[in-house]
Amino acid sequence: MRNPIIAALDVPDAGAALKLATEIAPFVGAFKIGGELFTAAGPDIVRRVRATGAAVFLDLKFHDIPNTVAKAVASAVRLDVQMLTLHTSGGAEMMRAAEKSAQDTAKSLGLPAPLVLGVTVLTSSNHETLAEIGCEPDSEKQVLRLAQLAMKAGLRGLVCSPLEISALRKILPPHIQLVTPGIRTGAEKADDQKRTLTPREAMQAGASWLVVGRPIYAAANPRLAAEKILESLG
Ligand code: C5P
């Protein structure tokens, strides 16, 4: 079985990211590079993490006109990332352009196409957040609506909260990959993630990949924390 743990490198600079990545590499399946690290360290950090042989998930959550998103995706493919994100609320045409760009660019470089993951409703959004921007205020309905739109547009994966996995599994084709943050082991202190599952529970609910941030990088011993999470998956 492949290792489904994606460790979020949510640290402020390249030095800290490479130190963390080297420490935990034996126990994780991929590294996630998000807005904080990418904005500080640029595409070079993606190349340096890839150079260790590890898979990279570039989590920049693209949301723009289809042409611009397609070009951003092409740039990500040239960095040889294995997963990337966009906002499904950008619409079907934007998602279709992104998926086509991922496929076409990868083909022209002789690389496997990265998994383009759609973000539906951010876990920080609630009823009020959705209502204030004029969306369907029932977050579960909005998630299902955007998930269906993403399927129509040809995406092969979604990011979702652990508590949405079961509902999504009921409506999605089985080959769709679900990537889930909001993973907590119970050992760490409470933080801003409110709707969480343990790694094992999330896998049993049907997650394909688990994004784990603070339970690893903020642990007293990140290497041991990653090892324990992997062991807990059995
Ligand atoms: O530290 P923690 O385990 O909460 O980190 C979760 C990671 O997943 C962070 O990088 C966060 O940006 C990301 N994420 C999330 N919720 C979403 C989408 C992404 O927590 N809905």
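Me: At what angle do α4 and α5 pack, and how far apart are their axes?

Reply: In this predicted model, helix α4, residues 66-78, packs against helix α5, residues 92-109, at an angle of about 30°, and their axes are 8 Å apart.

Me: Is that crossing left-handed or right-handed?

Reply: The crossing of α4 and α5 is right-handed.

Me: And which residues of α4 meet α5?

Reply: On the α4 side they are P66, V69, A70, V73, A74, V77 and R78, and the residues they meet in α5 are E93, M94, A97, A98, S101, A102, T105, A106 and L109.

Me: Ok, switching to α1, how does α1 pack with α3?

Reply: Helix α1, residues 14-24, and helix α3, residues 43-51, pack at an angle of about 20°, with 11 Å between their axes. Because angles under 35 degrees count as roughly parallel, α1 is roughly parallel to α3. The crossing of α1 with α3 is right-handed.

Me: Which residues do the touching there?

Reply: From α1 they are A14, A17 and L18, which meet I45, R48 and V49 of α3. In the contact of α1 with α3, five residues are nonpolar, none is polar and one is charged.

Me: What about α1 and α11, what angle do they make?

Reply: α1 and helix α11, residues 222-232, pack at an angle of about 45°, and their axes are 8 Å apart. That angle makes α1 oblique to α11, and α1 passes α11 in a right-handed crossing.

Me: Which residues make that contact?

Reply: L20, E23 and I24 of α1 make the contact together with P222, R223 and A226 of α11. The residues of the contact between α1 and α11 divide into four nonpolar, no polar and two charged.

Me: New topic, how many residues surround the ligand, and which are the closest?

Reply: The ligand is surrounded by 13 residues, and the closest of them are D10, K32, R184, Q193 and R214.

Me: How far is the side chain of D10 from an oxygen atom of the ligand?

Reply: An N or O atom in the side chain of D10 is 2.7 Å from an oxygen atom of the ligand. For R184, a side-chain N or O atom is 2.7 Å from an oxygen atom of the ligand, and for R214 a polar side-chain atom lies 2.7 Å from an oxygen atom of the ligand.

Note on methods. Residues numbered from 1 in each chain as written. Predicted model: local features only at pLDDT ≥ 70, side-chain atom pairs only at ≥ 80, totals over all residues. Heavy atoms only, no water. Axes fitted to C-alpha atoms, helices over the stretch in contact; angles between N-to-C directions. Helix = DSSP H or I, 4+ residues; strand = E, 2+ residues; numbered from the N terminus. Parallel < 35°, antiparallel > 145°, perpendicular 65-115°, else oblique. Left-handed = near helix turned anticlockwise from the far one by under 90°. Contact = heavy atoms within 4.5 Å. Nonpolar A, V, L, I, M, F, W, Y, C, P; charged D, E, K, R; others polar. Near = heavy atom within 4 Å. Polar contact = N/O pair within 3.5 Å; in protein donor to acceptor, adjacent residues only side chain to side chain.
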